[in-house]
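Please open the model in your viewer and keep the selection tool at hand. The stops below go from one residue to its surroundings.

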Amino acid sequence: MTSPSPTETTPSELSPAPRRRAFGLGAATALVMGNIIGGGIFALPATVAPYGTVSLLAFLVLSVAAVLLALLFGRLARRSPVTGGLYVYPRDAFGPFAGFLSAWSYWTMCWVSIAALAVAVVGYVDVLVPLHGNHLAEGIVAAAALWLPAAANFAGTRWVGAVQIVSTVLKFVPLLLVATVGLFFVDTDNFGPFNASGGSVPGAVAASAALLLYSFLGVESAAVSAGEVDDPERTVGRASVLGTLGSALVYLLGTVAVFGLVPHDRLVNSGAPFADAVNAITGGHWGGTAIALVAVASITGCLNGWILMAAQMPYAAARDGLFPAPFAKAGKGGVPAFGVWACAVLGTVLIALNYTAGPDTTFRVLVLITTFTGCVPYLLSAAAQLYWLARGSRDRVRPAGLTRDLIVAALSFAFSFWLIAGAGYAAVYQGVLFLFAGIPVYVWLRGRRGPAEEPA
């Protein structure tokens, strides 16, 4: 019997992964928020400060765009409610090569992002235990921050969900309280120039948005883990939107507070901007120490969720023969153990290389690489939705929601393309190298498949 072509394959037909259903709406929303609110709000205010307060406008634009992406993934999850999300959507629409590129790019984004988050921990650990600029000590702290949550992942997806709920509450409540209380202490003289980049306002918005996108990576978390979500056809969309809206609220209030509490010239060189902001409120150092503890717990919890994402994407692709076979093996707790080991080892290597090259630029370089590699699967997923809408199949598109779905998909595609352009030549160059490095892997895997395994 002939095999169906990729465009005729029903969703999830190629990789019917076992459904464990470990996440309800609360856990799925916590997974989204926990993955979004990690190192971003604690480190990025200082990273985008050189652009001036125009970056606040970029934050607002990104918040709207992130909600659009959440709606997009919710619609796509109705069609393909399985683990793998951003890999499954392009695969079903355009075939295995598009699915592989999306999975490879997303996987690359995950372990690079994990390394960036581990680096973000260092600045706040330095507030608690001064490291005195010792690069070796900073590298050890970053590696420890990566491997502790990696070890926790082996306990299984149920424990990951529980940790995400606890860590999200622990960091969301104090962050929201500090952001709202901090608004009463804002000094407008601290904001600095509107556009400090020296270039055009649109260019400054695009450049700062490319950096800030890192703080919204994770909006797709529920879609990637759809195979572990209860009633994914409804829960994925709701969890994605609720988690994104809650995160955007915290981000906007928190960033405004940091910009208004820390003088611009100090913020540009701050290693722990949120701790500096709390010190400005309390007039001492105990507040900064407290927020540093929250930051370390927050980023560690975020790493816990991102390591799960980094293991699940190649897990779904490996079940289709589009990733090396070891990635398809799940442990007793339902977590793909080899995927956890792989991202932890690669993240550690990247941390070591970047601290050797120069830790002062590590976080910025890693953030821009994740922007590019993260936008590729966003772009392909939006294109997949546009493809299904263009086909107009009655079993895939609801006529009543056609206009709404078309607008969401088109804006999501345009937004992803804009962010890739805003990442800059260096980030696109490095990101393309990471992306194209996967092509030999695809060729090798496809070449090893026998004629009986190839689609007719």
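Contact here means heavy atoms within 4.5 Å. With that in mind, select F323, which touches F100, A103, W104, W107, P314, A317, A318 and L445, leaving aside residues up to four places away in sequence. This is a predicted model, in which local features need pLDDT of at least 70 and side-chain atom pairs count only at pLDDT 80 or more, while totals for chains, interfaces and linings use all residues. Residues are numbered from 1 along each chain as its sequence is written, and side-chain values use heavy atoms, with hydrogens and water left out.

Next, select the aromatic rings. Rings of Phe, Tyr and Trp (its six-membered ring) pair if their centres lie within 6.5 Å, and planes under 30 degrees apart count as stacked, over 60 as edge-to-face and the rest as tilted. Ring pairs link a cluster that includes F323, F100, Y442, F327 and F338, and a search of the whole structure finds 18 aromatic pairs.

How are the rings of F100 and Y442 placed? Their centres are 5.2 Å apart and their planes at 45 degrees, so the pair is tilted. Buried means under 20% relative accessible area, exposed over 50%, and partly exposed in between (1.4 Å probe, protein chains only). F100, at 0% relative accessibility, counts as buried, and Y442, at 12%, counts as buried too.

Now move to F327 and F338, an edge-to-face pair with 4.9 Å centre to centre and 90 degrees between the planes. Here F327 counts as buried at 6% relative accessibility, whereas F338 is partly exposed, with a relative accessible area of 38%.
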